[in-house]
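Here are my notes on this entry, as numbered points. Please read them with the structure open.

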Amino acid sequence: MKPDLRVRLGPLELPNPVGVASGTFGYGSEYEQLVDLDALGALYTKAVTPEPRAGNEVPRIVETPSGMLNSIGLANPGLEAFVAGKLPALRGYGCPVIVNVAGSTEDDYRRVVERIEAEGGVSGYEINVSCPNVKHGGLAFGTDPSQVERLTAALRAVTERCLIVKLTPNVADIASIAKAAEAGGADAVSCINTLVGMAIDVGRRRPLLATGTGGLSGPAIRPVGVAAVYRASRAVAIPVVGLGGIMCADDALEYLLAGASAVQVGTGTFVDPRCASRVLAGIRAWMEAEGVARVEDIAGLLRA
Amino acid sequence: MSGVDSPPPADYGGRGGAVKQFDAAIVVNRSIAPSWRQIVVEWDRSAGRPSPGQFFTFRASSSTDPLLRRPLAFAGFEPDTSRASAVYEVRGPATRLLAELAPGSRVDLLGPLGRAFPPLAGGERPLLAGGGIGLGPLLFLAGELAGSGSSQKGDPAESSSAPGPLLGLGFRTAAAVPDLELPPAATICTDDGSRGFHGTVVDWLGGQPPQLARVYACGPAAMLAAIARLVRGRGWTASLSAEQWMACGVGACMGCALPRADGRGYLRVCTDGPVFNSPSPDGAEIDWAAAGPGGRPARNPASENEPGARP
């Protein structure tokens with residue numbers, strides 16, 4: 001039996017459940033020579049903000065046990081440069097393209113979505129209310145249910161395309177944030193963004209990142225992500241996209257069993273650009289071996 | 001917008017060709033000095049041909065700790081056999097794993113990456129300066145400029161009348177000079193005077209005739225910053241290979257940024273560099289005073305980035 005790998009996120013059907021996460025895949029062209037972009041379940045772009053952002057001071061990354069900290073600071077060329085320089089190539093890819101949107105104010109987010117709506121050619125938006133590395137916006141939105149609901153509703157009003165709200169794990173109750181996104185009209189939530197973390201160079205008695213703290217990603221955070229998906233997916237009726245530390249098919253299957261409808265590979269692509277395709281091949285093989293017909297059936301297979 | 005969409009400087013070298021990820025057979029992996037090693041691998045013939053100044057990333061184990069790939073600069077490439085080499089310092093967990101791989105085993109490689117040293121303008125006699133483990137790319141470049149083995153068609157340096165490059169290699173002491181075949185004309189510089197020129201490679205460079213106006217260098221960040229000052233004072237130009245902690249190596253993550261000298265944001269070492277010109281015609285120059293990993297002087301550029309590894 002050939003398993004059906006398609007998954008649905010509101011109005012959007014993905015050809016398969018394995019996407020590549022925002023911030024780890026640039027705007028696609030960076031990996032063109034190494035990855036078959038057309039075979040991706042979805043390509044989540046690097047965040048787009050209305051204005052260009054140079055990003056944070058350096059160093060911006062440091063390795064930690066089975067993980068890494070980053071403090072990039074949403075470095076991106078800005079909305080107009082994205083539309084002129086990145087969007088044409090993105091439109092040409094055979095995979096769904098979901099634009100990650102960030103900003104400092106509600107108006108920032110709306111400007112980005114409205115402008116790209118006017119251009120067309122993308123499959124949806126992932127709303128980044130969970131970046132730990134910027135002073136305004138980001139976490140400030142994502143930790144407050146009422147702000148998440150209001151922002152989601154404001155963006156819902158300007159697009160009928162797939163609207164995904166990306167959640168932070170840096171909250172007491174991720175289920176309440178997921179519910180707020182659902183109430184605001186989101187088609188799905190994705191979780192988790194990075195965990196706030198810090199590493200210190202003991203010899204120099206200085207933080208290893210210029211900003212002091214950063215966002216932790218990689219296999220070290222996978223159990224946190226799986227638990228977040230488990231709780232969020234039981235709190236809302238909309239689909240949950242799981243990410244955090246996926247390196248192989250079993251890691252992705254943990255997320256799908258926990259309740260995710262789809263997954264994203266992030267840091268795993270840095271380590272092995274072939275990671276997403278390996279993960280997809282492994283999911284397919286597992287479904288064949290286990291006699292599972294559809295990806296959406298996997299969530300129901302978790303035993304108590 | 002710097003660093004994110006900066007157009008490629010027109011004057012950079014590199015032969016282009018495909019960036020590929022492949023499992024390479026290790027031919028040689030041997031000690032060449034205390035804690036320094038040389039690795040020679042079978043380079044995939046369908047991958048782009050490496051140029052001096054470019055690098056590859058490696059993953060020596062499928063373990064998640066250490067997690068990230070590490071960059072290494074090419075120290076040589078033989079097109080006939082398609083063998084590529086690098087020199088590296090065993091500095092942290094990833095290079096320790098690499099050091100354990102025996103000839104015949106395989107290692108996950110990705111490359112060639114980054115911008116190469118730009119070609120010479122006709123008739124120039126270049127000054128090549130390597131500091132510490134940063135000697136690798138300069139040995140590669142010296143070999144190409146001398147036309148030995150892997151000269152390329154159309155290279156101005158190929159003209160037989162041009163005098164060969166002057167190569168200075170700096171080490172702390174004579175004991176640190178690696179067991180490598182060095183060009184006979186190379187000047188060994190030691191900080192303690194235990195061999196060759198007594199002084200740093202920057203001191204050696206400063207003693208060269210002012211008409212030799214073209215410098216290529218790779219080494220610790222403090223050395224590169226000193227060379228950037230020297231060339232500015234003399235009206236020379238330099239092509240300097242920078243280092244920064246790196247995650248993706250292909251320009252996607254914006255992690256390996258270094259600040260621009262003009263204050264207009266950042267440049268990526270992996271794709272805007274690692275070779276940067278000083279001064280740069282298009283202003284895309286690094287603030288060399290702040291160019292070490294962690295914004296502090298690097299210990300051994302062109303060797304492994306070991307994010308988080310303590311000396």
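1. Axes are lines fitted to C-alpha atoms, for helices over the stretch in contact, and angles run from 0 to 180 degrees between N-to-C directions. Helices (H or I, at least four residues) and strands (E, at least two) are DSSP runs, numbered from the N terminus.

2. This is a predicted model: local features need pLDDT of at least 70, side-chain atom pairs count only at pLDDT 80 or more, and totals for chains, interfaces and linings use all residues. Residues are numbered from 1 along each chain as written, chains are lettered from A and ligands numbered from 1 in the order written, and side-chain values use heavy atoms, without hydrogens or water.

3. Start with helix H5 (residues 174-183) of chain A and helix H6 (residues 222-235) of chain A. Their axes are 8 Å apart, at an angle of about 45°. H5(A) and H6(A) are therefore oblique to each other (under 35 degrees is roughly parallel, over 145 roughly antiparallel, 65 to 115 roughly perpendicular, the rest oblique). The crossing of H5(A) and H6(A) is right-handed, meaning that the near helix is turned clockwise from the far one by less than a right angle.

4. Contact here means heavy atoms within 4.5 Å. From H5(A), A:Ile174, A:Ala175, A:Ala178, A:Lys179 and A:Glu182 meet A:Ala228, A:Arg231, A:Ala232 and A:Ala235 in H6(A). The residues of this contact divide into six nonpolar, no polar and three charged. Ala, Val, Leu, Ile, Met, Phe, Trp, Tyr, Cys and Pro count as nonpolar, Asp, Glu, Lys and Arg as charged, and the others, Gly among them, as polar.

5. H5(A) also packs with helix H4 (residues 145-156) of chain A. The axes come within 7 Å and cross at roughly 25°. H4(A) and H5(A) are therefore roughly parallel to each other. Their crossing is right-handed. In H4(A), A:Pro145, A:Val148, A:Glu149 and A:Thr152 meet A:Ser176, A:Ile177, A:Ala180, A:Ala181 and A:Ala183 in H5(A). The contact residues divide into six nonpolar, two polar and one charged.

6. Now strand E5 (residues 61-64) of chain A. A:Ile61 and A:Glu63 point one way, A:Val62 and A:Thr64 the other, and all are buried (under 20% relative accessible area; exposed is over 50%, partly exposed in between, with a 1.4 Å probe and protein chains only). Four bridges join E5(A) to the antiparallel strand E6 (residues 67-70) of chain A. A:Ile61 stands opposite A:Asn70. The two strands form a hairpin with two residues between them, and A:Ser66 in the turn has a positive phi of about 50°.

7. In chain B, B:Ala146 lies in the loop between helix H2 (135-145) and strand E9 (166-171). B:Ala146 is exposed, at 55% relative accessible area.

How values were computed
Two strands pair if DSSP finds at least two bridges between them.
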